[in-house]
Structure formats: structure tokens, C-alpha cells
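This briefing covers pockets, contacts with DNA, strand pairing and salt bridges. Each term is given with its cut-offs where it comes up.

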Protein chains: 2
Amino acid sequence: MLSKKTKYAIKALVALGKNVENPPMQIVRLAEQEMIPRKFLEQILLDLRNAGYLYSKKGAGGGYSLNKNAADIYLTDILRITDGPIAMVPCASIKFYRKCDECHDEKTCGIRKTFIDVRDATLEVLSKTSVADVIARENLDEIIN
Amino acid sequence: MLSKKTKYAIKALVALGKNVENPPMQIVRLAEQEMIPRKFLEQILLDLRNAGYLYSKKGAGGGYSLNKNAADIYLTDILRITDGPIAMVPCASIKFYRKCDECHDEKTCGIRKTFIDVRDATLEVLSKTSVADVIARENLDEIIN
DNA sequence: ATAAAAGTCTATCGAAATAGTAGTCTTTAT
DNA sequence: ATAAAGACTACTATTTCGATAGACTTTTAT
């Protein structure tokens, strides 16, 4: 399961992506609009900002806006910042590899091989879905319904 | 990430699957062989047994064995018993659906749609990989190496 | 009949991770 | 100068996870 932190992060980026016409957006507004606890959101935005995905401006009239094109922010990027590994076992992780404690022989481990396949299947989706894609899917539905 | 419980469950089933020639296998032996805390393993085996995947026999000479063919036990089955949902967000889960607290409109939620795709990609692997497949992959490597 | 070898079941505990809160500091616009 | 914002750090509460404990039941061997 995604942590709430990650879900909030995605929601925030999507909201900021929809708001590109009149930035910046204040934390308080974003928190209210997306039903995210304000102080918690504050920390999350900080992380995303420090990772280079958001631009922030202090003082009156300040707030947050995207620092990259929404089409260039992939869900994998976000997950790795807020949740860490995408793989389901540490020994199958690309960016957060760790040996499994109880593993006898990683080379022949059938579990590892299977979960590398799972990881790749997951990455196939997440590394090709950008914030812009998520927004597009929502707009698509508004037109259909 | 998989819980240790799930990883232990898979390991246990794989070990029991490799042991079909001379069952049953005692918890203590299984625990030692797979480096799993004995009392923790005990609970896990109980769950798998109550779900119908294992057969157990009490008393001297008793122990555990598979209650189904290893080819008929899929990783999805195991994960759902020990970890619950396979989807990364509750609203995308097939067997453990739950509405997301902060969600405004599930019908148009782009995050949900994306994570339904992720779920399907994951299921594509896990619902087609049985305990027998995991064992086969390990044996395959022993031959090659 | 009894002792030993197993699994069964339920309760509990401690540590770590997650979710959220509080408060002080800094920057900027007016 | 002041108000409106974000930056930063520390802390707290809650939940989940991993593990342990112990008393009970069934089965086999002698």
C-alpha cells in the first residue's frame, strides 16, 4: 500500500499541475482543496521542493508551483522520494537494494526472480505515467460523463 | 514492501513443495532450515492451513505438508492471506476494496485509474506464478550454474 | 497408561514506521 | 513596520509489524 504521504504528494502535484494558469498556490488552499492536514502537507511539499520538483516563494503572494513541466514528472520519481523502493522485496529494488536477511543464496532465489518481474511490470506503468497523464485521464472523464 | 510474514509464508510453501517426497515436515525443522523464528512461523503455517493450503498432523511423527499441488498454489493466494490487498491504494483493490478518505470523486480519479493499471500489471505476474513455478526457477539455476 | 512429540490457540509485548502537530524562524510584499 | 506566506526542526500519538510466551490438544510409541 502507498503511504498517505505518497498519495498526498501525488494529489498535490496533480492539483498544482491543474493550476499552472495562475500560480502560485498557497499551502493552506491546497490543503483545504485536497483534504490534506495542513502541517503534514507542508512537510511533503518541502520534500518535493528539495528534490527539485516544486518552486516555492515566501512572503505575501507567495506559494507553490511546479518547477518542471507536468509531463516530465513521473510517478516513479514521486514514489521514490516519499515511499522509497518500488520493489516488493529489498533484494529486487533498483534504487534501494538491500540483501534479504534470511536469504541463503540470492543468485538462485526463485522468490527474488519473481519479484523482479513484478517490479518490472510495475515500473512499466509508473515510469510511463506522468503528472500530466494523470490530469489528462481526469479531464478525459469529465468530457465523457 | 512485502511483510516478513508473507515472505516467510512463500518460503515455507516452497520448502514444503520441495519436500513432497517425504512429508511431513516439522515446524522446528522448517524454521531452522529457512531461518524463520519458530513461533512466528507457527502462526503463519496455521493461517495457511486454515485457508486450506496446508495439511497438518499432530503428535509424534506429525508435521506439515502441502494440501494442494504446488502448481495450484498461486502467489496471489498467499499474498492475500498474509498481507491482504495487492493493489497499492485501497480504492483499486479487487478483494479488499475501500474508499479513500480524501477522495472527492472516485469515478474521475486519475490516481485510481493509474493504480488499477499497476494492480493489473502486478496480477499478471503473481496470478500466473505458482509455488511450483518458483521451485522450477530455482532448479533451473542449479542446472545452469 | 503414560510420556514424549508434535501441532493449536490466544494473549501479549516491544520496536519501528506512519501520520500528524506545534512552534519558531526567515523572507517578501505592501 | 506588519502581515502573509514558506522553512525548518522537534516532538507526539497511533498503528502495524515482528516476535514471544504459555497453556492446551492430539497422536504415537513403549
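Helix 5 of chain B makes the largest contribution to the lining of the largest pocket, with 3 residues. Helices (H or I, at least four residues) and strands (E, at least two) are DSSP runs, numbered from the N terminus. This is a predicted model: local features need pLDDT of at least 70, side-chain atom pairs count only at pLDDT 80 or more, and totals for chains, interfaces and linings use all residues. Residues are numbered from 1 along each chain as its sequence is written, chains are lettered from A and ligands numbered from 1 in the order in which they are written, and side-chain values use heavy atoms, with hydrogens and water left out.

**Largest pocket**

- On a 1 Å grid over the protein atoms alone, a pocket is an open set of points where a 1.4 Å probe fits, with protein on both sides within 12 Å along at least five of seven lines; lining residues have an atom within 4 Å of a point.
- The volume of the largest pocket is about 400 Å³, where a volume is the space filled by probe spheres set on the points, and grid points are joined across faces, edges and corners.
- The largest pocket is lined by 22 residues, and A:Met1, A:Leu2, A:Met88, B:Met1 and B:Met88 are the closest to its centre.
- Helix 5 (110–126) of chain A and helix 5 (110–126) of chain B each supply at least two residues of this lining.
- The lining divides into 16 nonpolar, 3 polar and 3 charged residues; Ala, Val, Leu, Ile, Met, Phe, Trp, Tyr, Cys and Pro count as nonpolar, Asp, Glu, Lys and Arg as charged, and the others, Gly among them, as polar.

**Second largest pocket**

- The second largest pocket holds about 320 Å³ of space.
- Its lining has 17 residues, with A:Val14, A:Lys18, A:Glu34, A:Glu138 and B:His104 nearest the centre.
- Two or more lining residues come from each of helix 1, helix 2 (27–34) and helix 6 (131–144) of chain A.
- Helix 1 of chain A has the largest share of this lining, 4 residues.
- By class, this lining divides into 6 nonpolar, 4 polar and 7 charged residues.

**DNA strand C**

- Around DNA strand C there are 28 residues, of which A:Lys39, A:Gln43, B:Arg49, B:Ser56 and B:Tyr64 come nearest; a residue is near a strand if one of its heavy atoms lies within 4 Å of it.
- Of the atoms of DNA strand C that come within 4 Å of the protein, 64% belong to sugar and phosphate.
- An N or O atom in the side chain of B:Arg49 is 2.7 Å from a phosphate oxygen of DNA strand C, a polar contact (a pair of N or O atoms within 3.5 Å).
- For B:Glu42, a side-chain N or O atom is 3.0 Å from a base nitrogen of DNA strand C.
- The surface near DNA strand C divides into 9 nonpolar, 8 polar and 11 charged residues.

**Strand pairing**

- In chain A, strand 1 (residues 54–57) and strand 2 (residues 63–66) run antiparallel and are joined by 4 bridges; two strands pair if DSSP finds at least two bridges between them.
- These strands of chain A form a hairpin with 5 residues between them, and A:Gly59 in the turn has a positive phi of about 75°.
- In chain B, B:Leu54 has B:Leu66 in strand 2 as its bridge partner.

**Salt bridges**

- Over all chains there are 22 salt bridges, each a side-chain nitrogen of Lys or Arg within 4 Å of a carboxyl oxygen of Asp or Glu.
- One of them joins the side chains of A:Glu42 and A:Arg38 (3.9 Å, N to O).
- Both A:Glu42 and A:Arg38 lie in helix 3 of chain A, 4 residues apart, about one turn of the helix.

Terms used: A polar contact is a pair of N or O atoms within 3.5 Å; within protein, one must be able to donate a hydrogen and the other to accept it, and residues adjacent in sequence count only if both atoms are side-chain atoms.
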